[in-house]
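Colleague: Hi! Could you walk me through this model?
Modeller: Happy to, here it comes.

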Amino acid sequence: MAALIDRGRVEATFANKLSRLNSRHRKELESLLGNPPNIDSVPEAFWQRVEDETSELVASMLILIFIASSTQHGGNASDSQRQAQTYGTQRAAQIARIHRRESARKLRAFAERTSKKIANKRRQNQRRVERAQSRIARTQEKLRATLADQKSADDGVKAERLRREINDAKATLEKAAREKTPKVLKKEIRSATIDAFGPDRANRVATTGTTQAASAGSEFAIQQTVGFSEADMWFTENDERVCPVCAPLHGTFRRVWSQQFPNGPPAHSPGSYPIDAPCRCWISYENEKLSRDDKVRFKKLLKQAQQRGDTTKPFPARPGDPVGKL
Ligand SMILES: [Zn+2]
């Protein structure tokens, strides 16, 4: 059969919920970090809560998607539910653990970078103070000498210039005192926290998470019912967003794709946190009754395969290959 029914809506709901949760975590993190940012003022309890709340939310979505996909492929409702619970909680725990680790790592790196910058600024500032102080002392000495030994009108002008010089150096000192603790720009902090908790991250997790739970659900149902076939076919969306890992799998049979990805889509980071290209692929099962759309797609793919005289890989699409509209 086809991809998960109503996938777009499901995925958008997933992304929205996760985005809202991330945004709450991001705001908390910003206030815990303070300015200048100090990673040690973010307690372990915060990271633990990030992990727990992410895990809970992701699990609820993965379970729903698994059940939807499994029953869509003829899976028995109660078996699907039981399996979905196990699958969803385990997978969500993995995702949440990696999310916590990666976010904490990114923020620590950011805080270390900024504290180095701040230390540099402080050193520069200190040097500026020392230079200004010694200039003031020198100039005051000169001024005293000039005033003690005033002979001509020229000396009056010179004294005036020295006084101005002293005032300038004093202004530098005041400025340096104001900048004793350099702050980090708000937008720098924002961009660091958005990197870890922004909507991009949420969208990627939602897209790949949807694909993975849908695959797990359909594979479970097919194995329980009509059984796998060597001709179960991998589909990509076959558009400009398809990543270079997925693209060559489009239109390949189980015996080809399963060597690389035995559990089906997603075709990358299968055991880890979906950080890079999001995957939207699915499997079409030969033993299943096909939807009309899929029948049309299938016919085209098989015809092209026959024309190529290639039965193992009827549609070896490469990135940028003019593959026609599926
Ligand atoms: Zn893919």
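Colleague: What percentage of the residues of the chain count as buried?
Modeller: Of its 326 residues, 34% are buried, meaning that 20 or more other C-beta atoms lie within 10 Å of the residue's own, with C-beta atoms placed from the backbone. Keep in mind that this is a predicted model, where local features need pLDDT of at least 70, side-chain atom pairs count only at pLDDT 80 or more, and totals for chains, interfaces and linings use all residues. Residues are numbered from 1 along each chain as its sequence is written.

Colleague: And the secondary structure of the chain, what does that come to?
Modeller: Eight helices and two strands, taken as DSSP runs (helices H or I of at least four residues, strands E of at least two) and numbered from the N terminus. Along the sequence the pattern reads α-α-α-α-α-α-β-α-β-α.

Colleague: Nice. At what angle do α2 and α6 pack?
Modeller: About 40°, with the axes of α2 (residues 44-72) and α6 (residues 199-224) 7 Å apart. The axes are lines fitted to C-alpha atoms over the stretch in contact, and angles run from 0 to 180 degrees between N-to-C directions. The two are therefore oblique to each other, which is what remains once angles under 35 degrees (roughly parallel), over 145 (roughly antiparallel) and 65 to 115 (roughly perpendicular) are set aside.

Colleague: Which residues of α2 and α6 meet?
Modeller: Among them are V58, M61, L62 and I65 in α2, and G209, T210, A213 and A214 in α6; contact means C-beta atoms, placed from the backbone, within 7 Å. By class, this contact has twelve nonpolar, six polar and no charged residues. Here Ala, Val, Leu, Ile, Met, Phe, Trp, Tyr, Cys and Pro are nonpolar, Asp, Glu, Lys and Arg charged, and the others, Gly among them, polar.

Colleague: How far apart are the end C-alpha atoms of α2?
Modeller: They are 42 Å apart, which agrees with the 42 Å that its 29 residues should span at 1.5 Å a residue (1.5 Å times one less than the number of residues). Just after α2, G74 takes a positive phi of about 85°.

Key. Two residues are in contact if their C-beta atoms, placed from the backbone, lie within 7 Å. A residue is buried if 20 or more other C-beta atoms lie within 10 Å of its own, exposed if 12 or fewer, and partly exposed in between; C-beta atoms are placed from the backbone.
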